[in-house]
Amino acid sequence: MQTATLLTYSLVAAVSVVSPGPATMLAIRNGAAGGVRAVLPSTLGNVTGLFLLSAAAMLGLGVVLQSSALLFTLVKVAGAAYLLYIGLRHLLGRSNIAPPPEQATQQAPRRASRLYLEAALVATMNPKPILFFTALFPQFLNASEPLLPQFLILTGIFMGMSLVSLLAYGALAHRARRLLRQPRIVTWLNRLVGSIFVSFGVALLRLKRAAG
């Protein structure tokens with residue numbers, strides 16, 4: 001692949017990666033609550049989901065979603081429901097972005113497998129990234145060259161950027177954990193994170209298939 005193509009793609013991918021989203025909120029929450037031990041499995045789950053979505057788009061499943069109204073709606077509603085579930089748990093106090101010290105000592109650490117699966121679900125149950133990958137990749141692929149190496153390079157760049165970004169968000173949240181664990185700030189952050197997840201869920205419900 002040409003250097004100019006890779007640089008352009010990397011710039012577009014970087015803008016997408018650093019933009020706050022559900023994965024960012026998970027990284028901040030897990031970093032504040034459990035540090036690197038919680039952020040790492042969550043981040044790995046997210047990049048696994050991104051790889052699956054990218055592979056699905058390359059295999060043409062994104063086109064299927066765009067052409068099948070019923071399938072698109074089912075995937076969209078399932079993804080939105082999960083994002084709303086996470087958001088409402090924060091808004092109702094069932095889940096804390098950073099529990100106060102007295103609560104943290106009473107709560108068992110969340111298992112790495114659960115953190116991994118949660119992040120993977122947040123990534124893979126969102127139809128928007130599938131449409132994003134479907135629309136983005138063809139613009140940077142050279143049809144006259146083998147597609148598999150190009151797919152691996154482009155997907156690897158996106159996954160690598162996501163990995164670094166989420167670990168950075170988690171590390172910053174962990175360093176600020178004392179501030180984040182103050183009861184009044186915890187309450188405010190729970191409302192903020194809950195509202196963000198709910199807004200993502202509502203945005204997904206309003207998402208429409210690409211015309212064509």
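The protein has eleven helices and zero strands. The model described here is a predicted one. From the N terminus on, the order of the elements is α-α-α-α-α-α-α-α-α-α-α.

**The chain as a whole**

- The protein contains 212 residues, and 41% of them count as buried.
- The accessible surface amounts to about 11,600 Å², and carbon and sulfur atoms account for 66% of that surface.
- Among contacts between residues at least 6 apart in sequence, 87% join residues that are at least 24 apart.

**How a helix pair is described**

- Two packed helices are described by the angle between their axes and by the distance between those axes.

**Helices α5 and α11**

- Helix α5 covers residues 69-91 and helix α11 covers residues 183-205.
- The axes of α5 and α11 come within 7 Å and cross at roughly 165 degrees.
- Angles over 145 degrees count as roughly antiparallel, and α5 and α11 are therefore roughly antiparallel to each other.
- The crossing in which α5 passes α11 is left-handed.
- On the α5 side, the contact is made by Lys76, Val77, Gly79, Ala80, Leu83, Leu84, Ile86, Gly87, Leu88, His90 and Leu91.
- On the α11 side, the contact is made by Asn190, Arg191, Val193, Gly194, Ser195, Phe197, Val198, Phe200, Gly201, Val202, Leu204 and Leu205.
- Sorted by class, the contact of α5 with α11 has 14 nonpolar, seven polar and two charged residues.

**Helices α2 and α3**

- Helix α3 spans residues 36-58, while helix α2 spans residues 22-34.
- α2 and α3 pack at an angle of about 160 degrees, and their axes are 7 Å apart.
- α2 and α3 are therefore roughly antiparallel to each other.
- The crossing of α2 and α3 is right-handed.
- In this contact, Ala23, Leu26, Ala27, Asn30, Gly31 and Gly34 of α2 meet Val36, Arg37, Ala38, Val39, Ser42 and Asn46 of α3.
- By class, the contact of α2 with α3 has six nonpolar, five polar and one charged residues.

**Helices α2 and α7**

- Helix α7 runs over residues 112-124.
- The axes of α2 and α7 come within 9 Å and cross at roughly 160 degrees.
- That angle makes α2 roughly antiparallel to α7.
- α2 passes α7 in a right-handed crossing.
- The residues of α2 in this contact are Pro22, Ala23, Leu26, Arg29 and Asn30, and they meet Leu115, Glu118, Ala119 and Val122 of α7.
- The residues of the contact of α2 with α7 divide into six nonpolar, one polar and two charged.

- Pro22 is found in helix α2.
- Pro22 has a relative accessible area of 13% and is buried, because buried means under 20%.
- Not counting residues up to four places away in sequence, Pro22 touches Leu83, Val122, Phe197 and Phe200.
- Pro22 and Ile196 are 174 residues apart along the chain, and their C-alpha atoms are separated by 8.0 Å.
- Thr24 also lies in helix α2.
- With 3% relative accessibility, Thr24 counts as buried.
- Leaving aside its neighbours within four places in sequence, Thr24 is in contact with Ser19, Leu166 and Tyr169.

- Leu136 is found in helix α8, which covers residues 127-140.
- Leu136 counts as buried at 7% relative accessibility.
- Apart from neighbours within four places in sequence, Leu136 is in contact with Tyr9 and Val12.
- Leu136 and Ala57 are 79 residues apart in sequence, and their C-alpha atoms are 10.0 Å apart in space.
- Gln150 lies in helix α9, which covers residues 147-175.
- Gln150 counts as buried at 4% relative accessibility.
- The C-alpha atoms of Gln150 and Phe140 are separated by 8.7 Å, and the two residues are ten apart along the chain.

Definitions and conventions. Residues are numbered from 1 along each chain as its sequence is written. This is a predicted model: local features need pLDDT of at least 70, side-chain atom pairs count only at pLDDT 80 or more; totals for chains, interfaces and linings use all residues. Side-chain values use heavy atoms; hydrogens and water are left out. Axes are lines fitted to C-alpha atoms, for helices over the stretch in contact, and angles run from 0 to 180 degrees between N-to-C directions. Helices (H or I, at least four residues) and strands (E, at least two) are DSSP runs, numbered from the N terminus. Angles under 35 degrees count as roughly parallel, over 145 as roughly antiparallel, 65 to 115 as roughly perpendicular and the rest as oblique. A crossing is left-handed if the near helix is turned anticlockwise from the far one by less than a right angle, and right-handed if clockwise. Contact means heavy atoms within 4.5 Å. Ala, Val, Leu, Ile, Met, Phe, Trp, Tyr, Cys and Pro count as nonpolar, Asp, Glu, Lys and Arg as charged, and the others, Gly among them, as polar. Buried means under 20% relative accessible area, exposed over 50%, partly exposed in between (1.4 Å probe, protein chains only). Accessible areas come from the Shrake-Rupley method with a 1.4 Å probe; for residues, only the protein chains shown count as cover.
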